[in-house]
Amino acid sequence: MTATMESLIGLVNRIQRACTVLGDYGGDAAASLPTLWEALPSVVVVGGQSSGKSSVLESIVGRDFLPRGSGIVTRRPLVLQLHKTEPGQQDYAEFLHLPRKKFTDFALVRDEIQAETDRVTGKTKQISPVPIHLSISSPNVVNLTLTDLPGLTKVAVEGQPESIVIDIENMVRSYVEKPNCIILAITPANQDIATSDSIKLARDVDPTGERTFGVLTKLDLMDKGTNAIEVLEGRSYRLQHPWVGIVNRSQADINRNVDMIAARRKEREFFATSPDYGHLASKMGSEYLAKLLSNHLESIIRAQLPGITSLINKTIDELERELDHLGRPVGVDAGAQLYTILELCRAFDRIFKEHLDGGKLPFDRHLSLQNVRKVVSEADGYQPHLIAPEQGYRRLIDSSLNYFRGPAEASVDAVHFLLKELVRRSISETRELKRFPTLQAEIAAAANEALERFREDSNRTTLRLVDMESSYLTADFFRRLPQEKEKGGNPVATAGDRYSEGHYRRIGSNVSSYIGMVSGTLRNTIPKSVVHCQVREAKQALLDHFYVQVGQKEGKELAELLDEDPALMERRQQCTRRLELYKSARDEIDSVSWVREV
Ligand SMILES: Nc1nc2c(ncn2[C@@H]2O[C@H](COP(=O)(O)OP(=O)(O)OP(=O)(O)O)[C@@H](O)[C@H]2O)c(=O)[nH]1
């Protein structure tokens, strides 16, 4: 049973240490990272200035080790982990930030707390939420973890910024508002309970008093003829747990170097012999308080462990999923990088081809063909001027064929823009590329460049098809045109009325029928040429140039292509560290449950 108790509080201690090492101090909801710190039950000591907070902690530990001085001395949370050792063992202290260094001189512990506080907060005397972890092993302690926070204060003293009053209140509040926080609310007995800073705060965050332990210090300093029975018996301010009265060392005792063991004895005597508190003696004093807290913390941890375990498993799943989504880190050598780049290009190319093959391109009913048809009808309705027959035919046909050039180019462009849109869509659908904005932009640029080249080629080819139709006007063609016999008429007519209207009409309809024939041909060949020069090329060789270029790059240039969004890299790192934390917590819990079952 004892083994279990030790292992449960020790278990939470180890997880708490892992939290600090891996940067989880709770309260960073802005980073939207899951926090394990906040899920762990902890006892937090809250009190106004000079309420006797430090004295209570030192009394629980049985050692002098906390910095003293004027102003706000505690400026970082101090997570104080107490481990009970076998009788006769020497007391020692260890800091998480100084692994492998054992302190047996507690005056040095005090110095180190001060130095470590300044290391993070600087000489500015600001406060910081990054906790200091101190563990103390001694036969004279119970297994317990307490977090000491800066004392609630009304005014900043010299050298400390005005904002510190609010900053402290906010920091303390951020701890005590967590439902897992057990609040140790310190109030001096020589002050009205109604004005106690710690009770005011506790009432705010824990109105039913379920998780608040009231501690009344300085019972020895009350005015003669008054006592704190009303408070200690829970009538002044009701809590679910019993109030505990404490008598710490007075300033005079401290000045006289009265040691803690002697102070504890004195405290016991105070209660045992007190006419007011004698009947409560067994439930008063710092030793009783320590045991009470230890038992409570233990039972809370036991009750919450299943919930914490399932939270851990759920969070591990979530973090793994997010990391999969963010993509795992890329290797650092050129080979791995080139491989990654080519893989990513292929991923894009695959999606692009899926679009092409998926019949998502409405070539046969697209604008280009409609345009061709539209122009054909225009050409059919075209009424030619009349010049000498062969030249006239040639010019009429040439100028009619010119009408095909615009739409031919338009069909080339239409397909070009469709392909460009597909590139854009495929780029944005290539999820793997999202984390590499540089490479993403390069692939998009390379694809668009290739499409540009295909367009030029397609334009040339398509216009040539049109040109070919006009150069096919051979002498034979004219010879085979239906000939018209002059019917009588006036042989000396002027050039203007040399031919009858019927003549012109026939020329017009001849040109028309020729153009009709040509348009029938172009209607078939333009789409073929456009698909051949652009779609087929895009499918087969979109990134060919790019592959050649990438193949010639050096390690450094490859790394640049794989340059990731810094925010994303940061996020991946954060998630990786959090995942590490949750996994180590899971391992810790697994090892304890295993011990318990044996
Ligand atoms: N007589 C007597 N003096 C006490 C008691 N508790 C604390 N003191 C004295 O009250 C003064 C303040 O006590 P601390 O323990 O330093 O109080 P604190 O809340 O930690 O104070 P700050 O850290 O300065 O805010 C010291 O001089 C203590 O000796 C007590 O129960 N009885």
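**Ligand surroundings and helix packing**

Q: Hi! How far is a polar side-chain atom of Q251 from an oxygen atom of the ligand?
A: The separation is 2.3 Å, which is within the polar contact limit (N or O pairs within 3.5 Å).

Q: What kind of model is this?
A: It's a predicted one, where local features need pLDDT of at least 70 and side-chain atom pairs 80 or more, while totals for chains, interfaces and linings use all residues. Residues are numbered from 1 along each chain, and side-chain values use heavy atoms, without hydrogens or water.

Q: Which backbones have a polar atom facing a ligand oxygen?
A: G52 has a polar backbone atom 3.0 Å from a ligand oxygen, and for R249 the distance is 2.9 Å.

Q: How much of the ligand does the protein bury?
A: It buries 87% of the 630 Å² that the ligand exposes alone (Shrake-Rupley, 1.4 Å probe).

Q: Switching to helices: at what angle do helix 10 and helix 16 cross?
A: Roughly 170°, with the axes of helix 10 (residues 334-357) and helix 16 (residues 544-551) coming within 11 Å. The two are therefore roughly antiparallel (over 145 degrees). Helices here are DSSP H or I runs of at least four residues, and axes are fitted to C-alpha atoms over the stretch in contact, with angles from 0 to 180 degrees between N-to-C directions.

Q: Which residues make that contact?
A: L338, I341, L342, C345 and R346 of helix 10 meet F546, Y547 and V550 of helix 16 (heavy atoms within 4.5 Å).

Terms used
Parallel < 35°, antiparallel > 145°, perpendicular 65-115°, else oblique. Polar contact = N/O pair within 3.5 Å; in protein donor to acceptor, adjacent residues only side chain to side chain.
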